[in-house]
Every structure is written in C-alpha cells, then in structure tokens.
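Welcome, and thanks for taking a look at this one. Please open the sequence and the model side by side before reading on.

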Amino acid sequence: MPKRHWFKDFLWRHSAGLALLVMVAFVAFLGFVGYTYVVITKKFDSSRRWDLPSRVYSDATPLVPGVDAPRALLEPKLNHVGYHEVRSRIANPSEYRYVNGSLEIYLQNFDYPDMEFRAMPVVVDFDGGEVTEIRRLSDGVRLRGVRIEPELITSIYNNEMEDRLPVSLSAVPKVVTEAIIATEDRNFYHHEGISIRGTLGALITDLRQGSWTHGGSTLTQQLVKNLYLNPERTWRRKITEVLMALLLEARYSKNEILEAYVNEIYLGQNGAVQIIGVEQASQVYFGKHVTYLTLPEAATLAGIIRSPNVLSPLKYPERAKPRRDTVLGLMRNQGQITEAEYEAAVASPLAVTRFPKTSRSAPFFVDFVMKQLRETYPETQLKTEGLRIFTTLDMLMQRSAEQALNSGIADLDKRYSYLRKSPTPLEGVVLTIQPGTGYVKALVGGRNYSKTQFNRAIQARRQPGSLFKPFVYVTAMDPSRGRQALTAASILDDSPISIRTGSAVWEPQNYDNRYHGLVSVRTALAHSYNIPAVRAALDAGVPNVIKEASTIGIESRLQPYPSMALGSFEVTPLEIAYAYSAFANLGVKAEPISILAVSTRDGKLLESREVKMKRVAPASVCYVMNNILQDVFNYGTGAKARGLGFERPFAGKTGTTSNYRDAWFIGYSPRILSLVWIGFDDGHSVRLAGGDACVPIWTAYMNRIVGLVPDVDWKPPENVIERAIDPQSGMLATPYCPTTREEVFVAGTEPTSVCPLHAGAGEPVPVWQQMPAGSPTAEGAQRPEIQQPQQTPPAQRRERGIRRLLRVIFGSGQ
C-alpha cells in the first residue's frame, strides 16, 4: 500500500473510535464548562463573595456643654470615623469645618445597637476648648448634646487577613469608576469579557521574552483572578481565566461585574492587613468615604491598582503623584474630563489623610475583648459573619494614654541613664475606668504591641506596695469597732518596731529611712509612711484586713503575714484598679465591662451587657478615705501633680515596692479613675518611687483628657460629720490650740475629749463641739468660756497632757 494512503486508511479503520473520542472530549469540555459555570455563579451569588470580618467599635464620644474638647484632641477622632474638612459651608454628611471658634459638622448616619441615627448638621460653640452650646444648623434649635459615632478599632479577620467595606455601585462616584476604566480597561463596556488585542499583545511579548507571564487582562479577568484563581502566571491558568471571564460576562451585567470589582480589588496593605475594595482604601488613604472622593483622589486610587504597595500615596508620595497625573492624562485623552479639569487636578498637591489609621488600634484592649468574645462566639462566626461589637473604649482617652506612656517613659530614659542602659526596656501600663459603671475607657498594656503581646494590664502579677495601705486603714476605720476604730485624726506612732513571725523577726522601715514620731492617720497615709500602716494592720487584725480587702475587690490570695500591710503580694493592674473603684464610688463596686453590645451585620441585637453593682464597703468610711487621699495631691507623695498643672480635687495614692521594683500611681474622682504602673518585666529595680516615675505620666495624660468628664467632688453621706480638731493631738480643738483643722469623721467615731495638750484633759465635751456638719462654725456660735487653770504652771500642764495623750493612744483608745 502506498505510504500516502496510510493516514486515510487509519482514519477509515478507526473512524468510529475517533468519533467516540471526539464526542467524549466534547462532552468532557461541556461538563468542564458547566462545572465552571456553576462554580463561578455560586461563588459570585453567595454570601462568601464577601465574607466579612466582625468589627470592633469604640464607644461613641458625647459632646455636651461643659465638656472640654479642644481641636487637637477632637479632630483626629473626626478623621478616624470618616469626617473630612471642607472650606465652604457643610452640605453633606461627614463634612466639617472650624469657623470663628465654632465647629460646624454634618453628623453621619449610624446604626447604634439601641437606635438608628440619621445624618444632621449641627454647630458646636466653644469657649477655648470647652463646649458652650450645640444647635441644629438648619433651624438654630438648641440641643442637649450630640454623639460622634463609634470608631472602628479593629476587625476580626480570617486567615487571609482581608479588610473590606462593601459598597453598592451607586455609592461609588462616577469619577472613580471612570478613572479605573480609563486606566485598567478602556473598552470595558465594549468587550465580552476578554480583549483579543490585549491577549495577542501579551502573547507576542511572552514569545519575545521566552516566558508565559504577561496578561493583557480586562477588568472581568482581574475579577476572576481575585475571586477564583491563585496568583500563578501560566497559560493553563490563563485559559481557565478566559473561560471564566466569558461565562461571567454571559451571566451578569456590566454594572454587576463592575460593582464586584470595586469591592474585590486589592489596594495595598495596612500593616499586616490587606486593603480590599475602594471604600476601605478611601478611608485608609484619604480618611473619607469613597462617596466624597475628588477627581485627583479618584485618579490616585485608580493609579495604584497596578502596584499598590510600590505606589502607596502614604508611603511613597513621590511615586504616587506622577502615577496620578498619568491617570488624569488618560482620562483627558479618553474624553472623560475636560482640559480645564485636567489642568486643575494636575496642579493640585497629592492629598492624603492627616491622621492615618492603623489596621488595629488599641491592640491590648482588643486582646482583652477577644478573650471575652471567644467565651461566647465560635471563631468562624467572629471571622466571617460581620458581627458588630460595641465596646466601652474611649478613643480620645486611649490615644492620649498611649502618647503619655510612650513619651513619659522616653523622658525617664532620657533623665536616668541607667534606665537606657538596661538590657530590657522599661515597660508600663495605663488604665482608665469609669467607677460608676465599671466601663474600661482606656487600656494600654505595654509600650510596643508589635514587639511583645504580653498584656501587662491583665496578665502581669506585680506587688502593689503602698497601694494596699488604704485597704488596711479602711479595715481599721470600720465603725463596728466602736471606740477602737481609727479615724483620720487618730495618732499613730512612727517609731522602730520589731515583729516576730515564727523564728524570723521583721523590722519594717519607711521608704525615706527616717522615723517621724507621732503622726495622724491622715499624715501617715498622705506621706505613705510604712510603720504606721503596719501598726494599723496589727490593731485591726491581719485576718480582718485580708477579709475586708477581699470583699472590696482584691481577688489574689493574701497570706496572713504583717508584711501584707505593705503590699507584699501580687495583683494585676486591672484588679487593683477595680478595687480602688469601690472607694471612688463610695463603697459600691461595679463589675468590669468592656463590651456594651453585639449585633449582626443587619442590626439584630445578639446581646447587651448590663452594669452589675454591689456594695462592698460603707459609704461613710469610703468618703473619709477619699478625703484623706485628696491630701496625697495637696502635700503628700503625689504633690508633683499640682506642680505640673493638675488642679482638680482628686484622691490618689502612690505605690512603691521593695527594692523599687514597681512604681504605681492611682488618681480618681467620682467619674474617672486612672492607674499608671512602671517597671521591668524581669523585675529588676527601677530605682524610682511612684511619685517620681508614675505621677508625671499620669498628670500628662489626665491634663489632656480630664476635661472630658465633669468636675465633681464627693458629697458627704448623712452619717459623716465634721469636727474642729487639734492636728497634734487628734482631739477636739480648744480656743488655746495654736492650729486647728476641720476633720471628717464617721458619726460615732469622732473624738469626745478636748485637746489635752492645750487645755488639760478629761473635761466634758462643750456644746459648741457637738454641732453636726454644716452647723455654724465655732467662731460664729455662742461657746461658753473655758477657764484656764491658774494653779498649774504651763510647762507642768503640758507635760501632764502629753502623758494623758500617750495613755489615750496606747491605752484603751480614744
């Protein structure tokens, strides 16, 4: 048989088999096409098209008359929640401007867990930084207050670490879509999913370079790559991409595809988190919603699609601006903007947000919240269902706390060279809580979360030192002890003391290594003397101190040793802060709350957490304690705060532990309590007391944010009375006492004898000394004349008075 006929003969003999093979291949191809169609349509239509991370929000920021909210404090908050400054009169939600000392702001829509707020323009008048009046801009009606929306703190991502804020195509300005189309796919509305010219051009380039990596992709092909395919560049994947693009175009409209594209396009990194979609990118790069992007901003956004991290306007403005101008040129050449619009846009500077947002604000607080969320919600629900978690965090306070801690520690490092030379960095904690509700308003668990995620605010166990002394004195001041109860005026002996515990002998020392003789409880606590606190603990009974401290809020295990009075055990900063909140709230302790509410992405409320409160100490005793601790600011170990400009009538307490390993300060009022801790993680000595290490940081922080809370002092309970006493003896003052002071007492614990140092001892209490608090003062009341004994010389009388005073102190009590 001639060779030229072998192929025909082969086809003839195997025609049936070849036909079957072709049919099988065709059916397989149809099956592959059908399978691919089902895959792309199911994924495109399903909710997985945009699995949404759960979002964690701060609390809203109230603006009411009397609040101090200077521009430097408020403006970053406005930018972080999507407001942008305009020069002319505000006309749209999210716009604001400062004009003639007032803030005009068009409040945005926001769905709170308990209400739906609709956008409204208002004007806020200021006197300096203090809000004086708030009015609706439309009709001038006065408002009691407004709320600036909660700020997005972080999102709870899946393993892909993507963040997106999906928007409808109608919310995306035409200038944005035109810039994208002009740059990425000028024939988008004229092809069926692929560009023959682009694909052929890519093929020729690949043949010339000997590689198979170039694309020539349309917007539809780019969307396919983002939604369905891996990032490898091969012709096998390219063929699959082309098929999927054709099927996608056959099934969906151009606008549906474009809407998916603007929500799926990768636009850079914000830390470790991918920025996905034009809305998220608009907020990261420009601090505003995509709806309000200008022509130059739209061109900037479209220009970075090619290489978002190389062309980032935040990191590389020198690269982003020429790329923006190139996009503007394309838009002009394609007739989407006029020559005049082009010239004006090119001449404008590259605009980016003045207050860039990190992908995760308040990371230590977020860890605290996440620990609680995982106790209730599955991980997959948190990462994919778009839950909205509203917290108690105040971002004005949080940012101020972070700044104060970092700058304060930097200042300590600068002033004390041995701190800089330490092998481990100095660390710190700043905590702020609201005593009346238990809300955590700010939480900073360390200097640098990226270096260590150890949350010292809730995980570090450190000795509280002198912070524990108020719990000792509150126990000793318990009115149920009757005449044995200590008072603010009681006199304690600050002299050497030896205490045997087992075979050991403990001899406590004061931090200044001095003894101060006879001192009042008020003086001893204000100056944080150690020995009087130990004597008070022994007087009250160490087991009773442990019981009282545990009732008030010290959850750590306390051992019944006398050194416990000086805080020789370990607590967490959050634990001691909440225990102190009972003092601030006059004996009522609120349970810690960091989560206010959780709702679905559609607004359905899943849970709302209520304030839980419990009385743990008498209001009267806590009032007296607060009154004493106010002197810590006035002349005690926290007096440095006054020199640094803090003027409010707060109570406070410093803490310094053995060998100066820990430095503390807590300062509080009825409305706010803030704690600062400074120390090394490995426990070596800071060589600084709380007044030196912590008070400056606390003061810098509070001076910045204290205007956000009302300036109120504690109101005395009904069973708290005042008496004029002689500070030296602690007894009722006489006309002959050289100095006197009005002292506060729980009714029934006040002294009943007059000062023995200046008028003898044992006389009955004069009527004018029995007047309750609020009665006319001694000078304004009719008091009987006290006769000076004539037969006893003054020196002998004074000596006898001292002996009697000592019997009162060390005998049967007052």
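What follows is a short tour of the fold, its sheets, its helices and a few single residues.

This is a predicted model. The chain holds 27 helices and 31 strands, and 55% of its 814 residues are buried. Among contacts with a separation of 6 or more, 68% link residues 24 or more positions apart.

- Six strands make an open sheet here: 6 strands in the order 3-4-5-8-9-10, with mixed pairing.
- Its edges are strand 3 (84-85) and strand 10 (142-143), each of which pairs on one side only.
- Strand 3 runs parallel to strand 4 (residues 95-99), and 2 bridges connect them; E85 has Y96 of strand 4 as its bridge partner.
- Helix 3 packs on this sheet, where it touches strand 3, strand 4 and strand 5 (102-107). The direction of helix 3 makes about 165 degrees with that of strand 4.

**Helix 3 against helix 15**

- Two packed helices are described by the angle between their axes and by the distance between those axes.
- For helix 3 (residues 71-80) and helix 15 (residues 395-415), the axes come within 10 Å and cross at roughly 115 degrees; the crossing is right-handed.
- Helix 3 brings L73, L74, P76, K77 and H80 to the contact, while helix 15 brings L396, R399 and S400.
- Sorted by class, the residues of this contact are 4 nonpolar, 2 polar and 2 charged.
- Helix 15 also contains R415, which counts as partly exposed at 43% relative accessibility. The side chain of R415 makes a polar contact of 3.1 Å with the side chain of Y416.

**Strand 1 and its two partners**

- In a regular strand, side chains alternate between the two faces of the sheet.
- In strand 1 (residues 54-57), S54 and V56 point one way and R55 and Y57 the other way, and all are buried.
- Strand 1 runs antiparallel to strand 12 (residues 152-156), with 4 bridges joining them; here Y57 has L152 as its bridge partner.
- Strand 1 also pairs in the parallel sense with strand 16 (residues 388-391), over 3 bridges. In that pairing, V56 stands opposite I389.

- Strand 14 (residues 266-270) and strand 15 pair in the antiparallel sense over 3 bridges, with N270 and V273 as bridge partners.
- The two form a hairpin with 2 residues between them, and G271 in the turn has a positive phi of about 70 degrees.
- Strand 15 (residues 273-276) is also joined by 3 bridges to strand 13 (residues 162-164), and these two run parallel.

**Buried places to look at**

- Is helix 8 (residues 254-264) enclosed or exposed? Of its 11 residues, 8 are buried, so helix 8 is largely enclosed by the rest of the structure.
- The buried residues of helix 8 are K254, I257, L258, A260, Y261, V262, N263 and E264.
- D493 sits in strand 19 (residues 491-494). With a relative accessible area of 16%, D493 counts as buried because that value is under 20%.
- The side chain of D493 joins that of S495 in a polar contact of 2.7 Å.

Notes
Residues are numbered from 1 along each chain as its sequence is written. This is a predicted model: local features need pLDDT of at least 70, side-chain atom pairs count only at pLDDT 80 or more; totals for chains, interfaces and linings use all residues. Side-chain values use heavy atoms; hydrogens and water are left out. Buried means under 20% relative accessible area, exposed over 50%, partly exposed in between (1.4 Å probe, protein chains only). A polar contact is a pair of N or O atoms within 3.5 Å; within protein, one must be able to donate a hydrogen and the other to accept it, and residues adjacent in sequence count only if both atoms are side-chain atoms. Axes are lines fitted to C-alpha atoms, for helices over the stretch in contact, and angles run from 0 to 180 degrees between N-to-C directions. A crossing is left-handed if the near helix is turned anticlockwise from the far one by less than a right angle, and right-handed if clockwise. Contact means heavy atoms within 4.5 Å. Ala, Val, Leu, Ile, Met, Phe, Trp, Tyr, Cys and Pro count as nonpolar, Asp, Glu, Lys and Arg as charged, and the others, Gly among them, as polar. Two strands pair if DSSP finds at least two bridges between them.
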